[in-house]
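Dear colleague,

Please find below the structure I promised to hand over. I would be grateful if you could read the notes under it with the structure open beside you.

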Amino acid sequence: MERSIENIWKEGFLKSDALVVPKINDLYNQKSIHIIDKFKRMFKINLIAIVAFSFAFLVVSFFVGIPITGIIFFVTLSVLVIINKSLLNDLEKLDMGVSSYQYLKAFNQWIKKQIAINKKISRFLYPIIFMSMILGFWFKDAEGMPLGERLVGEILYGFPDIYLVFGIPLIGIVVVVFILALLAFFGGRIYKWDLNLIYGRVFKKLEELITDIESLRS
C-alpha cells in the first residue's frame, strides 16, 4: 500500500472540473479521514471486546456449573468475530487509488453490506444464545441431579396431570419456542438498535458529510 489515505485525499475529493475552493476541500478531507479512522478503530476494539468477553464467560461458566452455555456462547461469538474480521479485511482492500469522494462512497457501501450480513446473523445469534442458557441451566447440577429434572419433579408434584413431551412439560416447550421465534423475528431489529447505540453518531456524521459533498458537486 504505497499511497496513504492522507496522500490520496490531498489530491481532493473532486477532479479538475470541480469548482470548490482548496480550503473547503481540505476541510472535507480531514473530516472524512477522522470519521473513517474512528469507525475502523471502534470496530476493531469491538471485535477484541467480544473475543475477551466470550473467553471470560467460557471460563466462568465452568465455575458456575453451566459449561454447555459457555461453550455454545464462545463458539457462536467466535464465528461472529471471524465473519466480521473477514468483512474488515474487505474494507482494508477497498481501492484508495480512486478519488476521495468515490472512496467515501465505497466505504458507505461496505457499511451497508456489513449491516445486512449481521442482521441476517442476528436472527440466529440471539436464539442460539438464549437456547444455550436454557440448556446450561437445565443440565446444571442441583444436589446430585440436573436442575431441569429437579424442576420437572417439583412441577409434577404440584400439577400431577400436566402433559409431558419427552419428559418436559408441554407448556414449557411452548414458552421456549415462542421466545425463540420472537428473538428470530426481532433479531435484526435488536442488532440495529445495538449498532446505532455504538456507531450511531459516526453513521450520522458520515451521511451528513456525503450529503454536503454531493451538494458541492452538484
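Residues are numbered from 1 along each chain as its sequence is written, and side-chain values use heavy atoms, with hydrogens and water left out. The model is a predicted one, in which local features need pLDDT of at least 70 and side-chain atom pairs count only at pLDDT 80 or more, while totals for chains, interfaces and linings use all residues.

The protein chain has six helices and four strands, where helices (H or I, at least four residues) and strands (E, at least two) are DSSP runs numbered from the N terminus. Along the sequence they follow the pattern α-α-α-α-β-β-α-β-β-α. Of the 218 residues in the protein chain, 33% are buried; buried means under 20% relative accessible area, exposed over 50%, and partly exposed in between, with a 1.4 Å probe and protein chains only.

Pockets and cavities were found on a 1 Å grid over the protein atoms alone: a cavity is a set of points where a 1.4 Å probe fits but cannot get out, a pocket is an open set with protein on both sides within 12 Å along at least five of seven lines, and lining residues have an atom within 4 Å of a point. Grid points are joined across faces, edges and corners, and a volume is the space filled by probe spheres set on the points.

The largest pocket has a volume of about 390 Å³, and of the 21 residues that line it, N46, I50, L80, Y191 and D194 are the closest to its centre. Two or more lining residues come from each of α2 (22–64), α3 (67–92), α4 (100–138) and α6 (170–217), and α4 gives the largest share, with six residues. By class, this lining holds 15 nonpolar, five polar and one charged, where Ala, Val, Leu, Ile, Met, Phe, Trp, Tyr, Cys and Pro count as nonpolar, Asp, Glu, Lys and Arg as charged, and the others, Gly among them, as polar.

The second largest pocket has a volume of about 300 Å³, and among its 14 lining residues the closest to the centre are M131, I134, W138, I168 and V176. Its lining has 12 nonpolar, two polar and no charged residues.

There are also two cavities of 30 Å³ or more. The second largest cavity, of about 30 Å³, is lined by H34, I35, K38, V202 and K205, and α2 gives the most to this lining, with three residues.

V64 counts as partly exposed because its relative accessibility is 40%, and V59 is partly exposed at 37%.

The structure holds one salt bridge, meaning a side-chain nitrogen of Lys or Arg within 4 Å of a carboxyl oxygen of Asp or Glu. The side chains of E92 and K40 meet in it (3.6 Å, N to O), and the pair links distant parts of the chain, with E92 in helix α3 and K40 in helix α2, 52 residues apart. E92 is partly exposed at 32% relative accessibility, whereas K40, with a relative accessible area of 10%, is buried.

With kind regards
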